[in-house]
Amino acid sequence: MPAVAVDLRGTAGVYWRLMAAGFRRQWHYKLAMFSGLFTNCVFGFVRAAVMVAAIDATGGFGGYDAGSIGAYVWISQGLLGAMQFMSAELELAERVRNGDIAIDFLRPVDVQLGNLAADLGRALCTLIPRGVPSLLVGSLTFGLVLPTSPESYLLGAFSVLLAAALSYLSLFALTMVAFWVVETRGIRSLYQTGGTFLAGLFVPVHIFPDWLRAIAESTPFPSMLQVPVDVLSGRVTGWDAAHLVGTQVFWLLVVGAAGRVLLAAGRRKLEVQGG
Amino acid sequence: MVETAVRASGRRTGPSGSRWSPYAAVLRSRIRAQRTYRLSFASDLLGATMVGLVEFAEVWVVFNQAKVLGGLDMDAALLLFGLSNLAFALAQLGFGHLDKLPSLIRLGTLDVYHLRPQPVLLQLITSDFSLRRLARATVALVVLTTGLVRNDIDWSASTVALLALTVLSATVLFGGLFVAAAGCQFFLIDGAELTNSFTYGGSFAASQPISVFPTPLRLLFCIAIPVAFTAYFPTLALLGMPGPAGLPSWLAWGAPLAALWVWALAGALWRIGTRHYQSGGG
């Protein structure tokens, strides 16, 4: 233990390298990322058309206008690849099921943080071929208005990072349930569909009826998409934006702690079984 | 359980001892297998019901704010969503698992299908039959029924015929989209997500009033991937509404033709795909 504590720089180095490895691994899947971008754009076209029509039909549509709804649609489509919403189950789930996770426990890398680092690498990599081109396509077709102040981008980048970490950690916590349940598909599809909806993917949380918005805001989901979109698009600025990012940090700690508790409990169960 | 088994074996000796009986036997065993693990089945059903409810909630939230979108109000949107989603859910029941083709190719499992003396596509279609998807169809059916009750529809034999024809053809159409997607997946193993844009994207577009789209998208959804025929045109006809300019009302009866076109496309893509397929050498 003391050795680990002393060699902090070496420990950080391991996670840094895991992140770089995650990035490089994702970089190889170019066709996958292009096809992801294509699909993001098709959904972007359809969503943007519906939203623009809805704005034309109403006076105030959650405070959006044609430019800001464009920013919402195309930023959210661009971020989608980074967030663990639509993905199949984590590779980790199979390791939990077949007991290979026992090997991971023996490694000198924390299971939760190590996997988080690798996934952040993957997430950052998707932003280049999916995030940026999505904004370009959006600005060339339906048009979108982006903020002019640098702090929106700085805080926005931080908010995107927090959202990516939060979305991974919540899927991680969900995956830990596989220690007790063999098939997690039902739970996962509940999480994915309910989660993407409450996160504000198809319809912004701001146009939910009040009761539905109250439900959404009592979950970590808006922190995974609506919040980074709001900060990055400049819809929310200054202290309000800082407050939103604070909410993200809060959920990150809660969901991260839940994942750790489940991981520790699962580890004890695994030892009982002799996995 | 025993009762099912007896009935199943009783039927096998019946007149269906034809070339279809292997498929029927596989389907029956799939259904039995899914019902055996009760808890897993229940969570699957709950998950699938949620998918249906959430998809409806997306449409509902927009109409709740906008009141009228693309000439349709909330009640009309119920019809639109019910028609398109019922057909999509039914098509998914039969064809949705073709999505898994890339992993079959990657793992070399597809070779097994090629070894059997039956058409690969038919085997794939019957290789999985997820009862959970009935939950999604049920949600759509409830929405559609609500729409049929709440709207002022001029009921006649032709209205009923239009409804039946539309649901049937639209199911076939969406099924064709899944087959077309599968055909492309022989080329796109890594990029299989691309085909989601015309299966799931098509279904998403079909549940929106097509009139809100700019011209290129309208052409896409009326002609190339003609999902407008699955719900939008029939909804206009059921409500006796005139469509957008340039789109005559008899288009509502066009769903079978649209389905035929999609299947022509799907057949071609599937043939090209299977010809291109070279085993992983497993």
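Let me start with a helix pair in chain A of this predicted model, where α8(A) passes α9(A) in a right-handed crossing. The residues that make this contact are A:Ser167, A:Ser170, A:Leu171 and A:Leu174 on the α8(A) side, and A:Ile187, A:Arg188 and A:Tyr191 on the α9(A) side. Sorted by class, the contact of α8(A) with α9(A) has four nonpolar residues, two polar ones and one charged one. As for the geometry, helix α8 of chain A covers residues 150–176 and helix α9 of chain A covers residues 185–198, and the two pack at an angle of about 155 degrees with their axes 11 Å apart. Because an angle over 145 degrees counts as roughly antiparallel, that is how α8(A) is described relative to α9(A).

Staying with these two helices for a moment, the loop between α8 and α9 of chain A holds A:Val177. Is A:Val177 buried, partly exposed or exposed? Its relative accessible area is 23%, so A:Val177 is partly exposed, given that buried would require a value under 20%. A:Val177 and A:Trp251 are separated by 74 residues in sequence, and their C-alpha atoms are 19 Å apart in space.

Elsewhere in chain A, helix α3, which spans residues 30–57, contains A:Thr39. With a relative accessibility of 4%, A:Thr39 counts as buried. What does A:Thr39 touch, once residues up to four places away in sequence are not counted? The answer lies in chain B, with B:Glu193, B:Leu194, B:Asn196 and B:Ser197.

That brings me to chain B, and to helix α9 of that chain, which I will discuss with two partners. With helix α10 of chain B, residues 196–206, α9(B) packs at an angle of about 150 degrees, and the axes are 9 Å apart. The two helices, α9(B) and α10(B), are therefore roughly antiparallel to each other. From α9(B) the contact takes B:Phe174, B:Leu177, B:Phe178, B:Ala180, B:Ala181 and B:Cys184, while α10(B) supplies B:Phe198, B:Thr199, B:Tyr200, B:Gly202, B:Ser203 and B:Ala206. In terms of class, the contact of α9(B) with α10(B) divides into nine nonpolar residues, three polar and no charged.

If we leave aside neighbours within four places in sequence, B:Leu110 is in contact with B:Leu101, B:Leu104, B:Ile105, B:Val120, B:Leu124, B:Phe186 and B:Tyr277.

I will finish with a backbone detail, namely B:Lys67, which has a positive phi of about 65 degrees although it is not a glycine. B:Lys67 sits in the loop between α3 (38–66) and β1 (68–69) of chain B, and at 51% relative accessibility B:Lys67 counts as exposed, because the cut-off for that label is over 50%.

Key
Residues are numbered from 1 along each chain as its sequence is written. Chains are lettered from A and ligands numbered from 1 in the order in which they are written. This is a predicted model: local features need pLDDT of at least 70, side-chain atom pairs count only at pLDDT 80 or more; totals for chains, interfaces and linings use all residues. Side-chain values use heavy atoms; hydrogens and water are left out. Axes are lines fitted to C-alpha atoms, for helices over the stretch in contact, and angles run from 0 to 180 degrees between N-to-C directions. Helices (H or I, at least four residues) and strands (E, at least two) are DSSP runs, numbered from the N terminus. Angles under 35 degrees count as roughly parallel, over 145 as roughly antiparallel, 65 to 115 as roughly perpendicular and the rest as oblique. A crossing is left-handed if the near helix is turned anticlockwise from the far one by less than a right angle, and right-handed if clockwise. Contact means heavy atoms within 4.5 Å. Ala, Val, Leu, Ile, Met, Phe, Trp, Tyr, Cys and Pro count as nonpolar, Asp, Glu, Lys and Arg as charged, and the others, Gly among them, as polar. Buried means under 20% relative accessible area, exposed over 50%, partly exposed in between (1.4 Å probe, protein chains only).
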